[in-house]
Amino acid sequence: MKLEKLLQALGQQPIESSEEVCQLTRLLCRQLETFELFAQELPSQNLGFVDSKASTVELTIAGRDLTIHQSPGVLSSNRAGGTTGAVVWKVTPLFAEWISSASSLLFQSEILSSNSLVLELGCGISALVGLCLGPRVKGYVLTDQPYVAKFVEQNVAENAHISASSTGKGKAKGKKTKATAASHSKDNNVVFTPLDWETDEATPSLLTDLPDTAGRKSFDAIIACDCIYNEALIDPLVSTCADICRLRTQESDTEADPTICVIAQQLRDDQVFEGWLARFMESFHTWRAPDELLPNGLKPSSGFVVHIGILKEAYTP
C-alpha cells in the first residue's frame, strides 16, 4: 500500500499512538513535542511576511519565476473575518517547493501522483502551493474566504503559463474572467472555491469544478500552510480537516488509502502551537516530518515545522 511506504519513510510511531493512553500521557506527549520544537534557538522571522508592504512579490521557486499580487491594504484593514491571507508568508514558498518536488515525502511514497486530487485550506491570495503542485497532480482545489478570490484568480491566470510549461502544456491562452464562486485554470487543473471553516460544510461538491473527476468524491491529500496563528480558529480548522478526510468513506473504492493531512507552519507561539496540537491529536494520528526528509529551510531549526496526520477513525497503527 502507498500508506505503508509513507509510514516507513516517517520511520516512527505517531506522537501519540494509542487510543487507550490516559489523559496525562496525552498531555505529556504534546508538551514534549512543543518543548522539543520551542526549546531550540529559533531564528527571528518577525511575523513571517515575505514583504507586507509590496503590492507584488517576485519569487523563484524550483527554477520558475513567479509574480504574485498581494494586498497590503487589506492586511492593514479592520476587515471582519481576518486579513492574514492578503500577503505571502515566508513558509509558503519553502513548503511549495518541497511538496511539489518529485523527491518529496508524499511523491516518494506515492501518496501523491499524476492521478491525485489535493485540497488546500486557507490558501490566501498567492495560490503559490497550487501553482507549484497543481501541474504534478490531477486536480488541485484552493480554498479560503471569498475576499481572496480575485487575487487568487489573478495570480493563477498570470502565472499559469509558468506552471503549464513545467508539464509541457505550453503557455496558457485566453482572457481573464471575473471571479465567481469558483474560479479556475483548466490548463493546470487548479481551481478556487470559497470555504469558510466556521460556516461551510465539506461535501463532495468541492470537486465540482475540477475537470475529469467524474465519480471521484474525495481527496488524496489536504494541505494547510501557515494557518495556525489564532486560537479561536483551531477547532474550526481541525474539524474541517476531519470532515474532508471523512469524504473518503463515500468512495466506491473501499481499498483506497485514507486521506493524508499535511500541516506546515512557522513556529511563533508555543501556547497556540500546543493548543493546535492537542486538538489535532484528538482526531488525527500525528507525525512530525523528520528533519532528514526536509530541506534545510523548512526544518524546525529554521523556525518551521511540518506535521502529517491520518484521521484516527480511518486508520489504526
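## Helix H4

In H4, the buried residues are Val91, Thr92, Pro93, Phe95, Ala96, Trp98 and Ile99. Buried means under 20% relative accessible area, exposed over 50%, and partly exposed in between, with a 1.4 Å probe and protein chains only. Helix H4 spans residues 91-99, and seven of its nine residues are buried, so the helix is largely enclosed by the rest of the structure.

The buried residues of H4 pack against strands S1 (56-61), S7 (221-225), S8 (260-266) and S10 (304-311). They also pack against helices H5 (105-108) and H6 (128-133). Contact here means heavy atoms within 4.5 Å.

## Model and conventions

This is a predicted model: local features need pLDDT of at least 70, side-chain atom pairs count only at pLDDT 80 or more, and totals for chains, interfaces and linings use all residues. Residues are numbered from 1 along each chain as its sequence is written, and side-chain values use heavy atoms, with hydrogens and water left out.

## Overall fold

The protein has nine helices and ten strands. Helices (H or I, at least four residues) and strands (E, at least two) are DSSP runs, numbered from the N terminus. Of the 317 residues in the protein, 55% are buried.

Take the contacts between residues at least 6 apart in sequence: 72% of them join residues at least 24 apart. The accessible surface of the protein comes to about 14,100 Å². Carbon and sulfur atoms account for 47% of that surface. Accessible areas come from the Shrake-Rupley method with a 1.4 Å probe; for residues, only the protein chains shown count as cover.

## Arg248

Arg248 lies in the loop between helix H8 (234-246) and S8. Arg248 counts as buried because its relative accessibility is 15%. Its side chain makes a polar contact with the side chain of Asp220 at 2.8 Å. Another polar contact, of 3.0 Å, joins the side chains of Arg248 and Ser218.

A polar contact is a pair of N or O atoms within 3.5 Å; within protein, one must be able to donate a hydrogen and the other to accept it, and residues adjacent in sequence count only if both atoms are side-chain atoms. Leaving aside neighbours within four places in sequence, Arg248 is in contact with Ser218, Phe219, Asp220, Ala256, Asp257, Pro258 and Thr259.

## Cysteines

The structure holds zero disulfides. A disulfide is a pair of cysteine sulfur atoms within 2.5 Å. For Cys123, the closest cysteine sulfur is in Cys227, 8.7 Å away, too far for a bond.

Cys123 counts as buried, at 7% relative accessibility. Cys132 also counts as buried, at 2%.
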